[in-house]
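Trainee: I would like to learn how to read a model of this kind. Please take me through it one feature at a time.

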There are 2 protein chains.
Amino acid sequence: MPSKIQRYKHDLPISYTLGATLTYEMIKCRPEIVDRVYINSDTDTGSGIARVLEIAGENGIPVEKNDKAFNILSPKGNCYVIGEFRKFRAPLEKGNHIVLVNPSDAGNMGTIIRTATGFGVKNIAVVRQAVDFFDPRTVRASMGAAFHVNVEYFDTIDEYIERFPENKRYAFMLTSSQPLTDVEQQAPYSLVFGNEATGLPDFYADICRSVRIVHSHDIDSLNLPMAAGIAMYEFTKEFWRQ
Amino acid sequence: MPSKIQRYKHDLPISYTLGATLTYEMIKCRPEIVDRVYINSDTDTGSGIARVLEIAGENGIPVEKNDKAFNILSPKGNCYVIGEFRKFRAPLEKGNHIVLVNPSDAGNMGTIIRTATGFGVKNIAVVRQAVDFFDPRTVRASMGAAFHVNVEYFDTIDEYIERFPENKRYAFMLTSSQPLTDVEQQAPYSLVFGNEATGLPDFYADICRSVRIVHSHDIDSLNLPMAAGIAMYEFTKEFWRQ
C-alpha cells in the first residue's frame with residue numbers, strides 16, 4: 001500500500017527534498033533522518049537518479065513508486081525524485097554563529113545557509129517570528145547545505161544571548177557608523193542580520209557592536225543574503241587564506 | 001481610448017515596471033524613457049502611490065486608468081502601479097566593468113545589477129546567450145537599479161575585449177588557483193562571471209587572470225549573485241573606505 005502523502009505544513013514532523021541532487025546530498029549527510037525515497041512512473045532510473053537509488057540501497061532506505069506524491073508535492077512536474085525526512089534536532093555548538101532575526105523569505109534563508117556552509121559558519125540561530133528552516137523551499141534554496149548545519153530557533157534575542165554570552169555580537173545595520181572593513185574582529189563571533197524589509201530594531205545597537213557594509217545611496221540596501229554573504233566572507237577570509 | 005497592452009516580449013521596443021517603488025525610481029532616474037503610468041480601479045491614490053503620481057505630473061508623463069493592463073501584466077494582482085517605458089541605449093563607459101557571460105536567470109541578473117549599483121560599478125557587459133536585461137523580472141529584482149547602470153550586449157567575449165582592451169580581466173572560476181584575497185588588483189578592471197550552472201568555459205583562464213573565492217567542499221559553489229557581490233565588495237572596498 002502506498003504511503004499517505006500530505007502537502008508540507010510547518011507543524012508536520014516530516015518534510016521533503018524535491019529533486020535528485022538534493023535527495024542525494026541529504027542521504028549522504030544525514031541518512032538516519034530519511035524515511036523513504038519516492039520515484040514516479042516518469043523517473044528514468046538510467047540517468048543521474050541511479051546514484052540516489054544506490055545510496056538509498058546502501059543505507060537501507062525504502063524506495064517507493066508513488067505518482068501521487070509528485071502530484072501533491074511538485075505539481076509543476078519538473079522533479080523525478082522526492083525524499084521524505086524526519087525533521088531533526090541539531091543544537092548549536094559553541095563557536096561562530098549566524099543569527100537571523102525575523103527572516104521572512106524561504107529562498108533567502110536557503111541562500112544564507114548555502115553561503116554559511118561554504119564559509120564554514122555552520123551554526124545558525126533564528127529569532128522568531130521567522131520562516132521555517134524545514135520548508136521544502138528553504139531546503140531547496142540551500143542546495144542541500146541545510147543538512148550540513150546546526151540550527152536552533154529562539155523566541156527572543158535575550159534567550160540566545162543567555163545561551164551564548166561569550167560570543168561577540170556584530171549587528172549589521174544601515175544606521176551604523178562602523179564600516180565592516182575597519183571593524184575589529186573577535187572570535188567567537190555572532191553575525192546578526194535583521195528582516196528583509198525592516199532590518200534590525202534600533203535597540204540592537206545597544207546589545208551588539210553595530211556594523212555597516214558601506215555602499216552608495218543609489219540603492220536602499222543590499223539584499224539580505226548578499227549582506228550576510230559579504231559579512232561572512234570578511235569574517236572568515238583569513239581562515240580560508242591558510 | 002485606452003492604450004493597447006501587450007504581454008512583455010523580448011522583441012518589443014517597450015517594457016514595464018511593476019510596482020510603485022520601481023516606477024518612482026525609474027521616473028526619478030530616466031524620466032525621458034517613460035511613456036505612461038497605469039493605475040487601476042483598486043489603486044488607492046492616498047497611499048505611497050501619491051508620490052508616483054506627483055513625479056509623473058512634474059515630468060508631464062500621462063497617467064491612465066487601465067484595468068486590462070494589470071490583468072495582462074500582473075495577473076497575480078499584487079501590483080497597483082505599472083510604468084511603461086521605451087528600452088533605452090546606455091553604452092558602456094570606460095572604467096571598471098562587470099561582465100556576465102551567458103547569465104540565464106532574470107532574478108540573478110537583477111540582484112547583480114542592484115549590488116553593482118551599490119558598489120558603484122555601473123557598467124555591465126553581457127555576453128550572449130543571455131537573459132534579457134529589460135525583462136520586467138530583471139528590472140524588478142534590480143529594485144530599480146537597472147535605471148542607474150549602463151548595459152551593452154556582445155555576441156562574443158572577443159567583441160567585448162576589442163572595445164575595452166585596456167581593462168584588466170579577472171575571471172571567477174572554481175578551477176583557479178588564485179584566491180581572491182591575494183589577487184593583485186589593477187584598474188580599470190573587468191570582473192567576469194559565467195553561467196549559473198556551467199560557470200565560465202576553460203579558455204577564459206587564457207584570456208583573463210583567473211580568480212577563486214575560496215570556500216569549503218561542503219558546497220559545490222556559491223550562487224552567482226553571491227560570488228559577484230563578494231568580488232565587487234573586495235575590488236571596491238578601498239574606495240568606499242575613504
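Mentor: Start with one side chain: B:Arg128 is partly exposed, with a relative accessible area of 40%. Keep in mind throughout that this is a predicted model.

Trainee: With which residue does B:Arg128 form a salt bridge?

Mentor: The general idea comes before the case. Side chains of opposite charge can pair when their charged atoms come close. Here the partner of B:Arg128 is B:Asp155, and the closest N and O atoms are 2.9 Å apart. B:Asp155 sits in the loop between strand E7 (150–154) and helix H6 (157–163) of chain B, while B:Arg128 sits in the loop between strand E6 (123–127) and helix H5 (136–141) of chain B, so the pair ties together parts that are 27 residues apart in sequence. B:Asp155 is partly exposed too, with a relative accessible area of 48%.

Trainee: Which residues are joined into one network by salt bridges that share partners?

Mentor: They are A:Glu234, A:Lys237, B:Glu234 and B:Lys237.

Trainee: How many salt bridges are there over all chains?

Mentor: The count is 26. One of them pairs B:Arg86 with B:Asp35, with the closest N and O atoms 2.8 Å apart. B:Arg86 belongs to strand E4 (residues 81–86) of chain B and B:Asp35 to strand E2 (residues 34–39) of chain B, so this pair ties together parts that are 51 residues apart in sequence. B:Arg86 is partly exposed at 37% relative accessible area, and B:Asp35 is partly exposed at 22%.

Trainee: What does B:Arg36 pair with?

Mentor: B:Arg36 forms a salt bridge with B:Glu84, where the closest N and O atoms are 3.2 Å apart. B:Arg36 is in strand E2 of chain B and B:Glu84 is in strand E4 of chain B, so the pair ties together parts that are 48 residues apart in sequence.

Trainee: Is B:Glu84 buried or exposed?

Mentor: B:Glu84 is buried, with a relative accessible area of 5%.

Trainee: Now the two chains together. How much area do chain A and chain B bury between them?

Mentor: Again, the idea first. The size of an interface is often given as the accessible area lost when the parts come together. For chain A and chain B the figure is about 2,800 Å², with 60% of it on carbon and sulfur atoms. In chain A, the residues that lose the most area to chain B are A:Arg114, A:Met226 and A:Tyr233, together 21% of what that side buries. The contact takes 31 residues from chain A and 31 residues from chain B.

Trainee: How many salt bridges and polar contacts cross the interface?

Mentor: Six salt bridges are found across the interface of chain A and chain B. A:Arg241 also forms a salt bridge with B:Asp182, the closest N and O atoms being 2.9 Å apart. The residue pairs in polar contact between chain A and chain B number 18.

Trainee: Which elements of chain A give two or more residues to the side that touches chain B?

Mentor: They are helix H4 (106–118) and helix H8 (224–241) of chain A. H8(A) provides the largest share of that side, nine residues. By class, the side of chain A that touches chain B has 12 nonpolar, 11 polar and eight charged residues.

Trainee: Let us end with single residues. Where is B:Thr115 found?

Mentor: B:Thr115 is in helix H4 (residues 106–118) of chain B. B:Thr115 is buried, at a relative accessible area of 2%. A polar atom of its side chain lies 2.9 Å from the backbone oxygen of B:Thr111. Not counting residues up to four places away in sequence, B:Thr115 touches A:Leu222, A:Met226, B:Gly229 and B:Met232.

Trainee: Where is A:Pro31 found?

Mentor: A:Pro31 is in the loop between helix H1 (20–29) and strand E2 (34–39) of chain A. A:Pro31 is partly exposed, with a relative accessible area of 27%. Leaving aside neighbours within four places in sequence, A:Pro31 is in contact with A:Met26, A:Asn59 and A:Ile61.

Conventions
Residues are numbered from 1 along each chain as its sequence is written. Chains are lettered from A and ligands numbered from 1 in the order in which they are written. This is a predicted model: local features need pLDDT of at least 70, side-chain atom pairs count only at pLDDT 80 or more; totals for chains, interfaces and linings use all residues. Side-chain values use heavy atoms; hydrogens and water are left out. Helices (H or I, at least four residues) and strands (E, at least two) are DSSP runs, numbered from the N terminus. Buried means under 20% relative accessible area, exposed over 50%, partly exposed in between (1.4 Å probe, protein chains only). A polar contact is a pair of N or O atoms within 3.5 Å; within protein, one must be able to donate a hydrogen and the other to accept it, and residues adjacent in sequence count only if both atoms are side-chain atoms. Contact means heavy atoms within 4.5 Å. A salt bridge is a side-chain nitrogen of Lys or Arg within 4 Å of a carboxyl oxygen of Asp or Glu. Buried area is the accessible area (1.4 Å probe) that two parts lose on being put together, summed over both. Ala, Val, Leu, Ile, Met, Phe, Trp, Tyr, Cys and Pro count as nonpolar, Asp, Glu, Lys and Arg as charged, and the others, Gly among them, as polar.
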